[in-house]
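Dear colleague,

I am handing over the structure we spoke of, and I would be grateful if you could read the notes below with the model open beside them.

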Amino acid sequence: MDHAVIPAPARFDTGDGPGFAFRPGTVVAYAETSIAPLAGRFCTQVSRRTGLRLAPIQGNRASDEPSVTIELAAPHEPGELPSPAGLSPDGGDPAAERYLLLIEDGRVVLRAAEPAGVARGLTTLLQLVASGTEEFRVPAARILDAPRYAWRGLSLDVARTFFTVEEIRRVIDLLELYKLNVLHLHLTDDQAWPLALGRPAVGPAPGAPFYRDEDLRDLVGYAADRFVTIVPEIDTPGHTAALLRLRPDLKSGRNEVEYEFLPGHRRRAVWLDPELPATFELMEQVLAGVAAIFPGPYLHIGADEPRGMPDEDYVSYVRRLRRLVRFLGKQPLGWQESARAGLGPDDVVQLWLTGIDLPASAPPQVRAQVEAEVALSRRDAETVAAASVPVIVSPLAHCYLDVPYAEPPADTGQADTGQADTGQAERHGRLGLRVYAPKTVADSFGWEPADTLGPGRAAQVAGVEAAIWAETISGFDDLSFLLLPRLPGVAHRAWSLPEASGWAGHRDRLARHGRLWAQDGLTYFRASTVDWA
C-alpha cells in the first residue's frame, strides 16, 4: 500500500472507495473528557499544517455528516498483534499505545483502549492528511497498529551545546510525530554542568546558561502530555571536568591525571573520587534533586568512558551510585561500560559501541587508540549478553546521528519548500564528528535491532534509542539537520515489525515528510538519494 506513515504500521489493509476527505468544519467527536486535549491538539495541528479548521466536539457525531469519531475502547480484532517487547519507560502497560483506525468514505473511526493509543492513532491520521495532496483526502484503509518495542527514544546532548526550553519542546514535538516515547536528556559532561543542582551557593558563572528546576519540570509536563517520558542522565564518574571547575572541593589530588593510553600518546582524565567524602555528599544532593524533578522510574547514571580511573575505584563508585539511585526509588540505567562493576538481574544497560568505521584519512595512532577502546567495549558487550539483563540498543553505526552524511545534498535548495535555510553544502561539510566514516541515510537505516547482541539474544533487547552528540553543533538548525531525515528511520526500527518496510518503501515515505518538516520550520538534510516531494 502506498502511504506516507512513518513508522510503518503493523497492518495497513487497503479499503474500497475514495477514502475520507477532510473539509472545513469536519467534526472530530469524542465522548471521554480525557480525550479532549488530544482532539483539540489534533485539530490545531491540522489547521496549522493545512489551513483547514476542524471542529472538536464532545458527544455523538451527527449521523448525516462526514466526521471523525474517537472511541476509548479496546480494538477487538482477529489475529492480535504481539505485545510490545522490552521495558516501558513510564512503568505502565506497553500495550496502551495500540490503536485501530478505520477510514471509509464519509467516516473515520479511531479506537484505542487508552489515551496513549488515541494519541498514536491521531498522529497516523495527521501524517496522512498533512503529507498528502491539496485535496486533504486520506485513503480508505483499516490500520491496526502497535509498537514493536516499548522503549523508543532519543538521547539529546544538552551539555556540549545548550538548547533552550523552547528548543527542547520542539524536539519533543518531533518525537511525538514519530511515535517515540523517550527523551533521554544527557544533562552533564566535561564541557558544562547546566544544572542549578550541585552548583556552589554563589550561583552560576556570569552568562553561563543553565536549567532551573522549574525549567526541567516544565519539560516533564510538556513531554508527558505527548506520552513522552524524560529519562535524565547525570554522567559520572568520568566526563566531570565541568563539575570539578564548579566545585574545587571535589579535587582529591589524584582524580585529575594524565595517562598514557598508548605508547607515546598521553591524555588528561578527570573523574570523581569515591574515597573523597565530598563526592557522595554532592551526588546524594544532586541525584535526590533529579529524582524529585523527573517522576519516571529510571535514572541514567552514565558511567561511560572511565578513562584514567583505576579499575577498583570505578567499580566501587558505580556500585555505590547504583545503591544510591535505588534508595531514591529509581532504577539505575548505565552505558555498557557500567557492566565492569558487575550486573544483577535488575540492572539495565545501554549498549552503544561494538565497532567504529573510521574514515580512510584516520592516522595510524588514532586507529590504534580506537581499536584498543573497541576491544574493551566488545568485552563489555559480551559481559552484558552473558548476564541476560535488559539492554537498550543504540549501536553507533546506525543510531548515532552525529555520524557525517556520506551522500551529497540534492542539487536544489530548500527555498522551494518554504525553509529559509539554504546552507546545505556548508552544513554537510561542517556537521558530524569526522572521526567517524560518513554513512548514507540508507546505510543508517539498514539494521535489525534484534540482531544487535548476537544470535539467540533477541529477547534481551528492551528498547531502541537514537543519540545525538553536540560537539559540532552550534544551534538548533544544526541539530535538526543532523536529526532529519535519519531519526524517522530509527523510529521505524523501534516501532515497526521487521517485515513492515525495506529501504525503498521507507525512502518513498521520507520524500513526502519533507513538507511536514518545512511546515514546522525545521532545517533538514535534503539527501540526494531521496526524491523529495
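What follows concerns the salt bridges.

Please keep in mind throughout that this is a predicted model. The structure holds 33 salt bridges, among them the pairs described here.

One of them joins the side chains of Arg160 and Asp189, with an N to O distance of 3.2 Å. This pair links distant parts of the chain, 29 residues apart, since Arg160 lies in the loop between strand S10 (152-157) and helix H3 (165-177), while Asp189 lies in the loop between strand S11 (182-186) and helix H4 (213-225). Asp189 has a relative accessible area of 2%, and because buried means under 20%, Asp189 counts as buried.

Another salt bridge is formed by Arg268 and Glu256, whose closest N and O atoms are 3.1 Å apart. Here too the pair links distant parts of the chain, with Arg268 in strand S14 (residues 265-270) and Glu256 in strand S13 (residues 256-262), 12 residues apart. Arg268 is exposed, at a relative accessible area of 55%, whereas Glu256 is partly exposed, at 33%.

In a further pair, Glu305 forms a salt bridge with Arg307, and the closest N and O atoms are 3.1 Å apart. Glu305 is buried, with a relative accessible area of 19%, which falls within the buried class because the cut-off is under 20%; Arg307, by contrast, is partly exposed, with a value of 30%.

Finally, which residues are linked in a network of salt bridges? They are Arg41, Asp173, Glu176 and Arg226.

Methods
Residues numbered from 1 in each chain as written. Predicted model: local features only at pLDDT ≥ 70, side-chain atom pairs only at ≥ 80, totals over all residues. Heavy atoms only, no water. Salt bridge = Lys/Arg side-chain N within 4 Å of Asp/Glu carboxyl O. Helix = DSSP H or I, 4+ residues; strand = E, 2+ residues; numbered from the N terminus. Buried < 20%, exposed > 50% of the residue type's maximum accessible area, 1.4 Å probe, protein only.
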